[in-house]
Amino acid sequence: MSKANVKKSNYKDIKIVVTGGAGFIGSNIVDALIKNKYEVHVIDNLSNGKKENINPKAIFHNVDICDLKKIKPIFKGAKYVFHEAALPRVQFSIEHPIEAHDANINGTLNVLLSAKDAGVKRVIYAASSSAYGDQSKLPLIETMSANPKSPYGLQKYVGELYCKLFSQVYGLETVSLRYFNVYGPRNSSEGAYALVIAKFFKLLKEGKPLTITGDGTQTRDYTSVHDIVRANLLAMTSKKVGRGEVLNIGAGRNFSVNQVAKLISGKIVHIAPRLEPHDTLASHALAKKLLGWTPEVKLEEGIEELKSL
Ligand SMILES: NC(=O)c1ccc[n+]([C@@H]2O[C@H](COP(=O)([O-])OP(=O)(O)OC[C@H]3O[C@@H](n4cnc5c(N)ncnc54)[C@H](O)[C@@H]3O)[C@@H](O)[C@H]2O)c1
């Protein structure tokens with residue numbers, strides 16, 4: 001366990017734990033919390049995350065969320081928990097269902113138990129639009145039945161159910177934010193499971209053609225990490241959530257993979273299709289009602305930001 005030099009006097013007297021704080025979304029949440037002068041503890045085993053993503057003002061615990069004994073003491077005195085740690089790739093979960101189950105379900109149970117036992121006020125859970133799977137209608141709204149199409153989608157959905165159960169049975173405040181295809185700074189472009197925008201930028205830099213699975217007509221609701229971070233901070237303080245609500249956090253506009261490739265520009269090549277839902281599109285009416293959240297970053301702007309990095 002390594003500790004950064006934290007000058008406590010500069011901080012609000014509020015401790016927050018962010019699991020997965022070395023990862024893409026978690027590290028962006030950590031930066032926003034540090035900016036707002038919270039005392040932030042990061043739990044991450046660096047399986048996907050990077051040490052250099054971790055804000056130097058955060059206190060880093062290099063621990064696996066599957067190790068209940070080791071994570072429990074870290075939650076002592078914490079008021080809020082952002083649970084971002086997961087093995088978050090659809091394809092990985094299809095090939096390695098047990099490893100994914102351990103991190104995504106057993107790890108989530110450990111985080112909830114630790115939070116409850118420490119008297120945490122609220123857990124904000126990183127849920128996923130993959131819980132929807134294929135639906136016959138768009139936009140996707142929270143009242144639709146979950147229909148996951150991968151172990152990952154199922155595991156993230158079980159996490160939501162656990163959150164709600166902990167609110168009902170133990171009185172722990174929870175809220176689940178179903179993120180839709182998140183992109184932005186620090187989005188990993190590594191490995192076979194990288195998400196499309198980060199992967200396209202990597203290929204572009206390497207002078208290679210952009211690889212599109214299938215015919216590229218499949219659409220996704222791409223959501224900027226800046227909007228995701230804002231939703232998380234609102235979910236921490238909103239008085240209208242805390243009883244296991246599930247809220248879509250998606251931009252509410254969908255683009256085909258072909259359109260994304262065109263925005264990024266570069267040559268394209270089509271490869272074999274994957275087993276995946278054809279379309280996603282979020283209704284964010286509930287997030288607007290309960291959090292006062294609406295998306296602010298348009299995909300065109302988000303892609304320009306990435307081009308400038
Ligand atoms: N990126 C997206 O588009 C998206 C969409 C929907 C939901 N989500 C969810 O958001 C969260 C963050 O995703 P991300 O894209 O930042 O992924 P990421 O892989 O960049 O971050 C996840 C972090 O969790 C850590 N981690 C994994 N297993 C762990 C374990 N057992 N113990 C401790 N740390 C562990 C990793 O090292 C990594 O730093 C995940 O829960 C994911 O399911 C992401």
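Predicted model: local features only at pLDDT ≥ 70, side-chain atom pairs only at ≥ 80, totals over all residues.
**Close-ups of a helix pair and a sheet**

**View 1. Helices α1 and α7 cross in a right-handed way.** Residues are numbered from 1 along each chain as its sequence is written. Helices (H or I, at least four residues) and strands (E, at least two) are DSSP runs, numbered from the N terminus.

**View 2. Here's who touches whom between α1 and α7.** From α1 come Phe24, Ile25, Asn28, Ile29 and Ala32, and from α7 come Val225, Ile228, Val229, Asn232 and Leu233. Contact means C-beta atoms, placed from the backbone, within 7 Å.

**View 3. Seven strands line up as an open sheet.** Follow the order β3-β2-β1-β4-β5-β6-β11, with parallel pairing. Strands pair if DSSP finds at least two bridges between them. At the edges sit β3 (59-61) and β11 (243-249), each pairing on one side only.

**View 4. Zoom in on β4 and β5, which run parallel.** Four bridges join β4 (residues 78-83) to β5 (residues 122-128). Look for Tyr80, which stands opposite Arg122 in β5.

**View 5. Helix α5 packs on the sheet.** Helix α5 (residues 151-170) touches β5, β6 (173-179) and β11, and its direction makes about 155° with that of β5. For such angles, axes are lines fitted to C-alpha atoms (for helices, over the stretch in contact), and values run from 0 to 180 degrees between N-to-C directions.

Note on methods
Left-handed = near helix turned anticlockwise from the far one by under 90°. Contact = placed C-beta atoms within 7 Å.
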